[in-house]
Amino acid sequence: MTILNMTAPVELRGERLDRALAGHFDALSRARVQALIREGAVRVGEATVIDPSLKLRGGETVTLAVPEPRPSEPEAQAIPLTIVYEDEHLIVIDKPAGLVVHPAAGHADGTLVNALIAHCGDSLSGIGGVRRPGIVHRLDKQTSGLMVVAKNDRAHRGLAEQFADHGREGPLEREYQAFIWGQLRAEALVVDRPIGRDPRHRERMAVLPEGRGKNAVTFLYLDETFPPDASDPLVSRIRCRLETGRTHQIRVHLSSLGHPLLGDPLYGGGFRTKANKLDETARAALLALDRQALHAAVLGFAHPLNGNPMRFESALPQDMAALEEALRAPQPALP
């Protein structure tokens with residue numbers, strides 16, 4: 001590990017921490033500095049700082065701990081996998097919440113890719129690059145459910161074509177189970193709103209005006225409301241089908257409707273107080289969930305080599321099933 005020190009000049013008063021460090025240390029990009037700050041590698045004075053936008057006062061000492069470079073290629077790690085299907089060309093896994101798909105800033109290892117390398121060896125497709133071998137599509141870290149991974153380049157190309165088509169003409173099928181705050185205005189509706197990087201919060205995506213974002217279409221279906229007989233339900237269970245596959249698409253579209261996912265810290269932060277309206281059992285189940293209530297429940301596609309239709313289903317994982325049970329339980333009578 002290399003320790004770098006900087007005494008902030010007075011003229012940097014009011015400058016962002018990440019910009020000041022990137023400007024001072026030429027060997028570090030601003031993106032790299034931001035990642036190190038978020039990983040807790042930076043101290044201002046004696047305090048560890050994790051906010052890249054912190055404004056300097058000028059005159060303070062900033063210490064940056066830069067870890068030794070990691071291998072450029074992901075290493076095999078014996079991480080358990082739930083394998084739904086596997087042949088010589090592809091593998092379908094049921095990803096648990098909390099597992100990052102591929103190495104990136106802040107997640108150099110302990111990812112699905114590391115687990116796949118250990119399981120599949122050198123057979124994974126190389127089309128995705130050294131850090132994403134075999135990866136055709138992704139799920140967010142805290143989204144659980146079904147994923148297909150290519151084990152050779154022919155399979156990767158065939159699967160990638162289907163995902164690029166988004167199932168408009170081909171057999172690709174992606175359906176998610178979700179719990180949202182409130183109730184949709186209809187039992188079935190289509191959200192057709194472009195998505196792009198949020199100009200005010202760069203770590204988030206947002207619905208943007210026409211022409212500024214990428215086309216994004218989500219189909220939503222209302223399955224159940226909680227409490228079931230309430231005129232103004234607090235929570236709904238819905239199904240989401242993707243026609244496109246933009247980053248955070250379901251989460252952004254639901255938030256734009258005013259119905260964010262339960263437990264979503266990025267797009268549903270303004271709804272945290274809604275949990276106070278749940279009964280004690282449901283509040284405890286939501287607290288135990290500790291993630292967005294989103295599960296990739298159905299995945300269908302044509303086998304990329306022989307064309308045979310393939311369709312897989314995954315039941316709600318234990319944490320979301322417990323939340324559903326708690327929401328469905330009779331509410332205690334008011335005193």
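**Stop 1: V84**

Select V84 and show what surrounds it: setting aside neighbours within four places in sequence, V84 is in contact with V92, I93, D94, L146 and F312. You are looking at a predicted model. V84 lies in strand 5, which runs over residues 83–86. Is V84 buried, partly exposed or exposed? V84 is partly exposed, with a relative accessible area of 36%.

In sequence, V84 and R311 are 227 residues apart. In space, their C-alpha atoms are 11 Å apart.

**Stop 2: the whole chain**

Zoom out. Colour the protein chain by secondary structure. It has seven helices and 15 strands. Its C-alpha atoms fill a box of roughly 60 × 60 × 40 Å, taken along the principal axes. The chain has 335 residues, and buried residues make up 46% of them.

Next, think about contacts across the sequence. Take the contacts between residues at least 6 apart in sequence. Of these, 67% join residues at least 24 apart.

**Stop 3: helix 1 and helix 2**

Select residues 17–24 for helix 1 and residues 30–38 for helix 2. The axes of these helices come within 9 Å and cross at roughly 125 degrees. That angle makes helix 1 oblique to helix 2. The crossing of helix 1 and helix 2 is right-handed.

Show the side chains here. On the helix 1 side, pick L17, D18, R19, L21 and A22. They meet R30, V33, Q34 and I37 in helix 2.

**Stop 4: the cysteines**

How many disulfides does the structure hold? The structure holds zero. A disulfide is a covalent bond between the sulfur atoms of two cysteines. Select C120 and then C240. C120 is buried, at a relative accessible area of 13%. C240 is buried too, at 0%.

**Stop 5: F226 and P227**

Select F226 and P227. A cis peptide bond joins them. Check omega in your viewer: the value is about -10 degrees. P227 sits in the loop between strand 12 and strand 13.

**Stop 6: H248 and helix 5**

Move on to H248, in the loop between strand 13 and helix 5. Phi of H248 is near 60 degrees, a positive value in a residue other than glycine. H248 counts as buried, at 16% relative accessibility.

Now select helix 5, residues 249–256. Which residues of helix 5 are buried? They are Q249, I250, R251, V252, H253 and L254. Six of the eight residues are buried, so helix 5 is largely enclosed by the rest of the structure. After helix 5 comes G258. The phi of G258 is positive, near 85 degrees.

**Stop 7: D290**

Select D290, in the loop between helix 6 and strand 14. D290 is not a glycine, yet its phi is positive, about 55 degrees. Is D290 buried or exposed? At 63% relative accessibility, D290 counts as exposed.

**Stop 8: helix 6 against helix 7**

Show helix 6 and helix 7 together. Their axes come within 8 Å and cross at roughly 165 degrees. That makes helix 6 roughly antiparallel to helix 7. The crossing of helix 6 and helix 7 is left-handed.

Which residues make the contact? From helix 6, select T281, A282, A285, L286 and L289. From helix 7, select D319, M320, A322, L323, A326 and L327.

**Stop 9**

Keep helix 7, residues 318–328. Colour its buried residues: M320, L323, E324, A326 and L327. They cover an arc of only 165 degrees around the axis, which puts them on the same side of helix 7. Turn to the other side of helix 7, where Q318 and E325 are exposed.

Finish with the partners of the buried residues of helix 7. Which elements do they pack against? Select these in turn:

- Strand 8, residues 173–181, is one of the elements they pack against.
- Strand 12, residues 217–226, is another.
- Strand 13 covers 235–242 and also packs against them.
- Helix 6, at 280–289, is among these elements too.
- Strand 14, at 294–302, is on the list as well.

Technical notes:
Residues numbered from 1 in each chain as written. Predicted model: local features only at pLDDT ≥ 70, side-chain atom pairs only at ≥ 80, totals over all residues. Heavy atoms only, no water. Buried < 20%, exposed > 50% of the residue type's maximum accessible area, 1.4 Å probe, protein only. Helix = DSSP H or I, 4+ residues; strand = E, 2+ residues; numbered from the N terminus. Arc of directions from axis to C-beta. Contact = heavy atoms within 4.5 Å. Disulfide = S-S within 2.5 Å. Axes fitted to C-alpha atoms, helices over the stretch in contact; angles between N-to-C directions. Parallel < 35°, antiparallel > 145°, perpendicular 65-115°, else oblique. Left-handed = near helix turned anticlockwise from the far one by under 90°.
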